[in-house]
Amino acid sequence: MSMTYLNAAGHGLPDRRVVRRMIRHLEREAEIGAEEAAAESAGDLAQTRANAARLLGAGLEETGLASTTVATWLAIVARLDMAGKRVLVAPHEWGANLRLLDRIASQNGAHIERLPPIDFATPDLSAWAERIDEDVAAICTPMVTSVTGHPYPVAAIGTLPRPESARFIVDAAQAVGQVPVRVAELGCDALVATTRKWVRGPRQSAIFWMSPGLGQPGLIEPMDANLAVRLGQGEALRLVLEEPGETYAASLAPLNTHARARAADQGLRCLTPQDAGTAAVALAIPQAMRDPISSALAEADILVKWPTPWHEEPDSELAAPDFAVMRISPHVYNTADQIDAVFDVIARTARTAA
């Protein structure tokens, strides 16, 4: 790989076996037609759903396959009875979810209420509990925040008393593949996740779980799925299930630790907590250094992510930072030397600017 790619939180590079499985199916479609190729792959397609269910700790009949997290989240939320009710959203809810939810709420006479921030070090949910009343239609939270990789206390949120009709919906797009997910332990009613990030699946591949009270997954699954993508997804799910604890966490922890150490050596502030248990490392970069560092990294053929919190997490404390956020998210194809290359570029750029 010529490029140093450090954006797994945006899209993890697929394993070659994932790509080969997709190509093999497309070649069969070209040779014998789509329907016949689908029939040939029926067993593998069924295994894709079984792999998804196992990764989520869910029942097969409650597990669905979809294209994107946002589309699936929207389909679930659109099924809620929210007329005249409140929908409570966490401060780090994904921006696209919020923008869609605002539209749905306005059409249904519902009110969107932003929940107060949580101290992730010592989470106190009493202020959240006070907001939950009989007129709450849903509570929406991420499982891991997108910009900085903070894990939410989802299981604790799931134990908060709520009306029977109030649904707890979890966006696990940044969780699945890097932290364990067991829906039965979370107390949620629905969970959605992409498999293109930490699971290293192809784009346009997602998985989800719905409690029986919300209906069957088939009600919101795409009618005409891309079977090559789905088979690639199944292969990616199989590979992560072979990992210890069914996540890539053990392999990624040393890279996270190394990145933190290099950041500390250079006096850079890390926005991701040390005990987060997630792989990405978000750094606060002085605004004046944002463009010079970005250009220097591009010249070195190094790709990181520069999140835009005001767009991605508009209700978070980072929505209007006085610094730029740089996120390094390594995966199993990365090395400590590649992490060093990032910080060497930052150091050289800082010396040049001094």
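Reader: Which residue in β12 stands opposite A284?

Author: Strands are DSSP runs of E, at least two residues long, numbered from the N terminus. Opposite A284, β12 places V325.

Reader: What pLDDT do local features need in this predicted model?

Author: Residues are numbered from 1 along each chain as its sequence is written, and side-chain values use heavy atoms, without hydrogens or water. The model is predicted: totals for chains, interfaces and linings use all residues, side-chain atom pairs count only at pLDDT 80 or more, and local features need pLDDT of at least 70.

Reader: Why is β12 largely enclosed by the rest of the structure?

Author: Buried means under 20% relative accessible area, exposed over 50%, partly exposed in between (1.4 Å probe, protein chains only). Strand β12 spans residues 323–328 and is largely enclosed because the number of its 6 residues that are buried is 6.

Reader: How many disulfides does a search of the whole structure find?

Author: A disulfide is a pair of cysteine sulfur atoms within 2.5 Å. By that search, the count is 0.

Reader: Which cysteine has the sulfur nearest to C188?

Author: C188 is in no disulfide. At 12 Å, the nearest cysteine sulfur is that of C140.

Reader: Is C188 buried or exposed?

Author: The relative accessibility of C188 is 7%. C188 therefore counts as buried.

Methods:
Helix = DSSP H or I, 4+ residues; strand = E, 2+ residues; numbered from the N terminus. Pairing = 2+ DSSP bridges.
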